[in-house]
Amino acid sequence: MIKIENLTNKLPWHATRRWATRDLSKIQKIVVHQELGEGSIEAVNNYHISPNHISSKGCPHFCYHYGIRKDGEIVQANELSSITWHVGNHNKESIGIMIQGNFDGPEYDLGTSEPTAEQVQSLSELVDYLIKAFNFTNQDVYGHHHFGKPACPGYVLQKWVEDKRKDISDEEVVKVEKTLKEIQKRLNKLGYAAGPVDGIHGIKTLAAIRRFQKDQQLEVDGVVGPSTWQRLVKLTS
C-alpha cells in the first residue's frame, strides 16, 4: 500500500487566505511539476504563503496537492478538494504534484540536480494510485509543459510523463474527424471554456483556441490548422 505523509495541517498556512474548494467529481487530470529550486517542501511552503511570484499577497498554502522529497517520501499538503494554484486556468480540475529539485528542461539550463530514482518510483506509485482512485486513464496525466511552462517538469520527468501517456500516433490523429463540435469538446475537456458544443464559431471558442495555442507555444492565430489539431487530439485522446 502506498505511504503518504499528510502535512496538510502541520505546514503553516497564510494568516488569512484559504483555498476555494471543489467537488471531487470535478477533478479530471494530474499535472506533474518540478520545484525549480533546491529547497525543502517546508521551505517552498514558506515561500508560497509569503508575497511571491504567484501572488503579491501570498498564497493560502503550498501550491500543490502533493510533494515528493529527494528520498522518495510522498507528502500531501492540501486536501484534494482544494483548488490550489499550480497550473493557471486548469487549477479547478487538476491535481498538482511537485517533485523537489532543480532540473534542466527546455529553455532552462540552470538545473543543479536530477530526479532521484526514489522520486521517480514514488511518482509512479502516486500517479497509479490517483488513476485508480479517480478512474482516470494514462492520457489524463500531464506535465506542466503541456500548459505553457516548457521547463517544467524538466527533461527527465517530461519523458516520464510522455511515456506514461503513450501519446497516440500521427496516423491515429488523422482518423479523428476535425469538426468545430469536436474542437469545442476537446478544448472544454482541457478546461479552456470554449462554450457550448454547438458547432458555432463564437467569441468563446475563438478565445479558447487562442489560449490553447499560446499555452502550447503554437502560432496564436485562432485557426485550428494541422499543428494545433494534432496537439489538441494528442492531449485529449
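Reader: Where is Glu107 found?
Author: Glu107 sits in the loop between strand E7 (94-99) and helix H2 (117-134). Helices and strands here are DSSP runs, numbered from the N terminus; a helix (H or I) has at least four residues and a strand (E) at least two.

Reader: And what am I looking at, in general?
Author: This is a predicted model, in which local features need pLDDT of at least 70 and side-chain atom pairs count only at pLDDT 80 or more, while totals for chains, interfaces and linings use all residues. Residues are numbered from 1 along each chain as its sequence is written, and side-chain values use heavy atoms, with hydrogens and water left out.

Reader: Back to Glu107, buried or exposed?
Author: Glu107 counts as exposed because its relative accessibility is 68%. The cut-offs are under 20% relative accessible area for buried and over 50% for exposed, with partly exposed in between (1.4 Å probe, protein chains only).

Reader: What is its phi?
Author: Glu107 has a positive phi of about 65 degrees, although Glu107 is not a glycine. Leu36 also has a positive phi, near 65 degrees, and is a residue other than glycine.

Reader: Where does Leu36 lie?
Author: Leu36 is in the loop between strand E3 (29-34) and helix H1 (41-49). With a relative accessibility of 31%, Leu36 counts as partly exposed.

Reader: What about Pro106, which loop is that in?
Author: Pro106 is in the loop between E7 and H2. At 22% relative accessibility, Pro106 is partly exposed.

Reader: What is Pro106 in contact with?
Author: Setting aside neighbours within four places in sequence, Pro106 is in contact with Pro150, Ala151, Tyr155 and Gln158. Contact means heavy atoms within 4.5 Å. The C-alpha atoms of Pro106 and Cys152 are separated by 8.2 Å, and the two residues are 46 apart along the chain.

Reader: What kind of peptide bond joins Cys152 and Pro153?
Author: A cis one, with omega about 20 degrees. Pro153 lies in the loop between strand E8 (141-143) and helix H3 (155-165).

Reader: New topic. Where does Asn78 lie?
Author: Asn78 is in the loop between strand E5 (74-76) and strand E6 (82-83). Its relative accessible area is 0%, so Asn78 is buried.

Reader: Which backbone oxygens does the side chain of Asn78 reach?
Author: One is the backbone oxygen of Phe62, at 2.6 Å. Another is the backbone oxygen of Tyr64, which lies 2.7 Å from a polar atom of the Asn78 side chain.

Reader: What else is Asn78 in contact with?
Author: Beyond its neighbours within four places in sequence, Asn78 has contacts including Thr8, Trp13, Trp19, His61, His65 and Thr84.

Reader: Which residues of helix H5 are buried?
Author: In H5 (residues 180-189), they are Leu180, Glu182, Ile183, Gln184, Arg186 and Leu187. Their cover includes helix H6 (203-215) and helix H7 (226-236). Gly191 follows H5 and has a positive phi, near 90 degrees.

Reader: Zooming out, how many helices and strands does the chain have?
Author: The chain has 7 helices and 8 strands. Buried residues make up 50% of its 237 residues.

Reader: What is the radius of gyration?
Author: The chain has 18 Å, which agrees with the value near 18 Å for a compact globule of 237 residues. That radius is taken over C-alpha atoms, and the globule rule is 2.2 Å times the number of residues to the power 0.38. Along the principal axes, the C-alpha atoms fill a box of roughly 50 × 40 × 35 Å.

Reader: How many of the contacts join residues at least 24 apart?
Author: The share is 66%, among contacts between residues at least 6 apart in sequence.

Technical notes: Polar contact = N/O pair within 3.5 Å; in protein donor to acceptor, adjacent residues only side chain to side chain.
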